[in-house]
Amino acid sequence: MVWGRPRPTRSLTPRSNASKFIGKNAKPLVVKPGARQGTVKMEAKGKLAQVTGSDVDIDPAEHYDDWAANYNDDLLKEYGYCAHQIAARAFAEVNEDRSAAVLDVGCGTGLAAQELARVGFETIDGVDVSKNMLEEARKTGVYRTLHQRRIGGQEDPPLTGYGGVICVGSFGL
């Protein structure tokens with residue numbers, strides 16, 4: 001995410017109230033000379049690199065099973081990932097009924113659900129392709145139920161009874 005206008009070879013920092021969305025461990029991005037105005041590309045490494053871009057060739061269940069134990073540290077500490085925070089706040093703005101059930105599709109380790117719980121959502125169900133990611137999500141204690149499914153790959157869970165559906169950072173689906 002880029003805040004403000006990038007200038008070649010200068011570090012970028014968040015401006016205005018945008019900083020509340022940036023993780024405290026976020027590293028500044030460096031814009032390389034010749035970068036297109038208004039864009040910054042942070043080079044993905046490791047497991048993240050294998051699920052980003054246009055040429056993704058992985059088995060999602062296997063990939064995320066292997067990544068589950070380190071997923072949060074990789075995204076939060078290495079990349080300053082904050083999409084789960086932004087999405088939960090945006091979701092809360094348009095979904096006022098905190099008692100309505102929410103379906104977290106591609107829930108992974110539960111980052112988005114933890115943010116939803118922080119803003120008052122009480123009933124959250126999760127769906128993910130990876131059993132190991134679901135085990136990490138279970139440890140958060142914020143889910144009512146968790147289901148292992150590949151969305152679009154088999155019978156999808158019924159969407160009745162949910163006040164909202166959220167899907168954040170579902171790489172490799």
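Helices (H or I, at least four residues) and strands (E, at least two) are taken here as DSSP runs, numbered from the N terminus. On this basis the protein holds 6 helices and 6 strands, which follow one another along the sequence in the pattern β-β-α-α-α-α-β-α-β-α-β-β. The model is a predicted one, in which local features need pLDDT of at least 70 and side-chain atom pairs count only at pLDDT 80 or more, whereas totals for chains, interfaces and linings use all residues. Residues are numbered from 1 along each chain as its sequence is written, and side-chain values use heavy atoms, with hydrogens and water left out.

Of the 173 residues in the protein, 36% are buried, a term that stands for under 20% relative accessible area, with exposed meaning over 50% and partly exposed in between (1.4 Å probe, protein chains only). The accessible surface of the protein comes to about 10,200 Å², and carbon and sulfur atoms contribute 46% of it; accessible areas come from the Shrake-Rupley method with a 1.4 Å probe, and for residues only the protein chains shown count as cover. Among the contacts (heavy atoms within 4.5 Å) in the protein with a separation of 6 or more, 56% are between residues 24 or more positions apart.

Four of the strands form an open sheet with parallel pairing, in the order β5-β4-β3-β6, where two strands pair if DSSP finds at least two bridges between them. Strands β5 (143-148) and β6 stand at the edges, each with a single partner strand, so one side of each is left without a neighbour in the sheet. From one strand to the next the twist averages 20°.

Within this sheet, strand β3 (residues 102-105) directs Val-102 and Asp-104 one way and Leu-103 and Val-105 the other way, and all are buried. In a regular strand the side chains alternate between the two faces of the sheet. β3 pairs in the parallel sense with strand β4 (residues 124-128) over 4 bridges, and Val-105 has Val-127 of β4 as its bridge partner. Between β3 and β4 the chain passes through helix α5 (residues 111-118) in a right-handed β-α-β crossover, which is to say that, with the strands pointing away from the viewer, the path from the first strand over the helix to the second runs clockwise. Toward strand β6 (residues 164-166), β3 pairs in the parallel sense over 3 bridges, with Asp-104 partnered by Ile-166. Leu-103 stands opposite Asp-125 in β4 and opposite Val-165 in β6.

In β4, 5 of the 5 residues are buried, so this strand is largely enclosed by the rest of the structure. Ile-124, Gly-126 and Asp-128 point one way from β4, and Asp-125 and Val-127 the other way. β4 and β5 run parallel and are joined by 5 bridges, and Asp-125 has Thr-145 of β5 as its bridge partner.

β4, α6 and β5 make a right-handed β-α-β unit, in which helix α6 (residues 131-140) lies across β4 and β5 and runs at about 175° to β5; axes are lines fitted to C-alpha atoms, for helices over the stretch in contact, and angles run from 0 to 180 degrees between N-to-C directions. Met-133, Leu-134 and Ala-137 of α6 are buried. The buried residues of α6 pack against α2 (60-67), α3 (71-78), β4 and β5. In helix α5, where Glu-115 lies, this residue is buried with a relative accessible area of 11%, and Glu-115 touches His-84, Gln-85 and Ala-88, not counting residues up to four places away in sequence.
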